[in-house]
Amino acid sequence: MPGSLEVLARSLSVQRLRVDVIASNIANAETTRTPEGGPYRRRDILQVANEYRPDFASALDRMTLAVPKVQAVLEDQEEPRLVYQPGHPDANQEGYVSYPNINVVTSMTDLMTASRLYQANIVAVENVRNMARDARSLAQSA
């Protein structure tokens, strides 16, 4: 049975992975050649929420928790962006170079969103810990 701290910890892990994947995309926005061949392919995470419903024994707690989880890291399957650069070492016979389908502005926005979600989870963890500490303090003084 996951508690609020476990849900928040999993969310922190998901956001950290999301930041790593987005940062990798930004770093490789101009990578035209990879060891696998061809340009770098943008990656995205597939995030799902496993719903948790408390059993009847905890009927007073009607909160439904959604436990975040990364199901997969997916590669973009779209065709690469072609740019006419006949002098480039990776240009094809027509002079076009294949670049990744990465919009750096959109990726930076996604990175800021993931960073803010990570920060929000840190604040939530601190609040849960403070509430638990205050509850213990109240229990001891009673």
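**View 1. Residues lining the largest cavity of the predicted model.** The largest cavity is lined by Pro39, Tyr40, Arg41 and Arg42, together with Asp76, Glu78, Glu79 and Pro80, and by Tyr99, Pro100 and Asn101, in a structure that is a predicted model. Sorted by class, this lining comprises five nonpolar residues, one polar residue and five charged residues. The volume of the largest cavity is about 60 Å³, and a search of the whole structure finds one cavity of 30 Å³ or more.

**View 2. Helix α1 and its buried residues.** Helix α1 covers residues 4-27, and its 24 residues reach 34 Å from the first C-alpha to the last, which is close to the 34 Å expected at 1.5 Å a residue. The buried residues of α1 are Val7, Leu8, Ser11, Leu12, Val14, Gln15, Arg18, Val21, Ile22 and Asn25.

View 3. Gln15, which lies in helix α1, counts as buried because its relative accessibility is 4%, under the 20% limit. When neighbours within four places in sequence are left aside, Gln15 is in contact with Gln47, Ala114, Leu117, Tyr118 and Asn121.

View 4. Gln47 is found in strand β1, which is made up of residues 43-52, and it counts as partly exposed because its relative accessibility is 39%. Leaving aside neighbours within four places in sequence, Gln47 is in contact with Val14 and Gln15, and also with Pro68, Lys69 and Val70. Gln47 and Lys69 are 22 residues apart in sequence, while their C-alpha atoms are 5.7 Å apart in space.

How values were computed:
Residues are numbered from 1 along each chain as its sequence is written. This is a predicted model: local features need pLDDT of at least 70, side-chain atom pairs count only at pLDDT 80 or more; totals for chains, interfaces and linings use all residues. Side-chain values use heavy atoms; hydrogens and water are left out. On a 1 Å grid over the protein atoms alone, a cavity is a set of points where a 1.4 Å probe fits but cannot get out, and a pocket is an open set with protein on both sides within 12 Å along at least five of seven lines; lining residues have an atom within 4 Å of a point. Grid points are joined across faces, edges and corners, and a volume is the space filled by probe spheres set on the points. Ala, Val, Leu, Ile, Met, Phe, Trp, Tyr, Cys and Pro count as nonpolar, Asp, Glu, Lys and Arg as charged, and the others, Gly among them, as polar. Helices (H or I, at least four residues) and strands (E, at least two) are DSSP runs, numbered from the N terminus. Buried means under 20% relative accessible area, exposed over 50%, partly exposed in between (1.4 Å probe, protein chains only). Contact means heavy atoms within 4.5 Å. The expected span of a helix is 1.5 Å times one less than its number of residues.
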